[in-house]
Amino acid sequence: MASKQKRVILVLTLLAFSELIKSMGFGKFNKMFPLREEEKKCFRRAKNEKGMQQWHRWNQSSYTFVHTKSTWEDAANACSAMSEGAHLVFIESEPENREVSRLAKAASEGKEERWWIGLTDKVTEGSWKWYNVSLFYTSWGDGEPNNFHEDCGELGYWWNNDFALWNNEPCTRQKKFICEKDSETSLN
Ligand SMILES: [Ca+2]
Ligand SMILES: [Ca+2]
Ligand SMILES: [Ca+2]
């Protein structure tokens, strides 16, 4: 076969394959987690024209997704430096987990991203808290939290219906992270 013909066949095969991947991958998540138009714009650009971090408002809270990978402690510091009263996200109810999961899936843009959240058992081994706030609602993955050397929590790509599940990890790992602040302060 002429090499030109071979090239044409190769290109057509690649095109068909990429369409197949699209139909299996992110497209499916888009259907599961439909995004509003302004959110699509927002995720294309984490920061607006003025370089301000974009916050997604939901009920009494606002969330932002930071794509700079950091240790858990650096991430916590970065959140508080961003806005008064801001912290790594505390996911305190099923509806909040559903909303943060939906946004996290979109912010992950089809990749298997993991995000630091405000979970830690640094102070007392095995006593998991949102910084120092007790846990009531939980969404741990199967068998998590496991290793006692892992003192910080991430929201992972393990999914249970509409929910992202949580996992404990060593705090020095570098991950993207999610900050939360009260909607009240987001008006500032
Ligand atoms: Ca919260
Ligand atoms: Ca631990
Ligand atoms: Ca773990």
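This is a predicted model: local features need pLDDT of at least 70, side-chain atom pairs count only at pLDDT 80 or more; totals for chains, interfaces and linings use all residues.

Colleague: Why is N59 called exposed?

Modeller: N59 has 10 other C-beta atoms within 10 Å. N59 sits in the loop between β1 (56-58) and β2, and its phi is positive, about 50°, although the residue is not a glycine.

Colleague: What makes Y131 partly exposed?

Modeller: Y131 has 13 C-beta neighbours inside 10 Å. Exposed residues have 12 or fewer and buried ones 20 or more; the 13 of Y131 falls in between, and therefore Y131 counts as partly exposed. Y131 lies in the loop between β5 (129-130) and β6. Y131 too is a residue other than glycine with a positive phi, near 55°.

Colleague: Which peptide bond is cis, and what is its omega?

Modeller: The cis bond joins E144 and P145, with omega about -5°. P145 belongs to the loop between β6 (133-134) and β7.

Colleague: How do you know that the buried residues of α4 line one face of the helix?

Modeller: The buried residues of α4 (residues 72-82) are W72, A75, A76 and C79. Seen down the helix axis, they fall within an arc of 100°, so they line one face of α4.

Colleague: Which elements contribute to the largest nonpolar core?

Modeller: That core has 30 residues. Two or more residues come from each of β2 (61-70), α4, α5 (94-107), β4 (115-120), β7 (152-160), β8 (163-169) and β9 (175-182). The largest share, 5 residues, is given by α5.

Colleague: Which residues have the most contacts inside the core?

Modeller: They are L88, I117, I178 and C179. Leaving aside residues up to four places away in sequence, L88 touches A75, A76, C79, W116, I117, G118, F177, I178 and C179.

Colleague: What share of the contacts in the chain with a separation of 6 or more joins residues 24 or more positions apart?

Modeller: Such pairs account for 67% of those contacts.

Notes
Residues are numbered from 1 along each chain as its sequence is written. Chains are lettered from A and ligands numbered from 1 in the order in which they are written. Helices (H or I, at least four residues) and strands (E, at least two) are DSSP runs, numbered from the N terminus. The arc is that of the directions from the helix axis to the C-beta atoms. Two residues are in contact if their C-beta atoms, placed from the backbone, lie within 7 Å. A nonpolar core is a set of buried Ala, Val, Leu, Ile, Met, Phe, Trp, Tyr and Cys residues joined through C-beta atoms within 7 Å.
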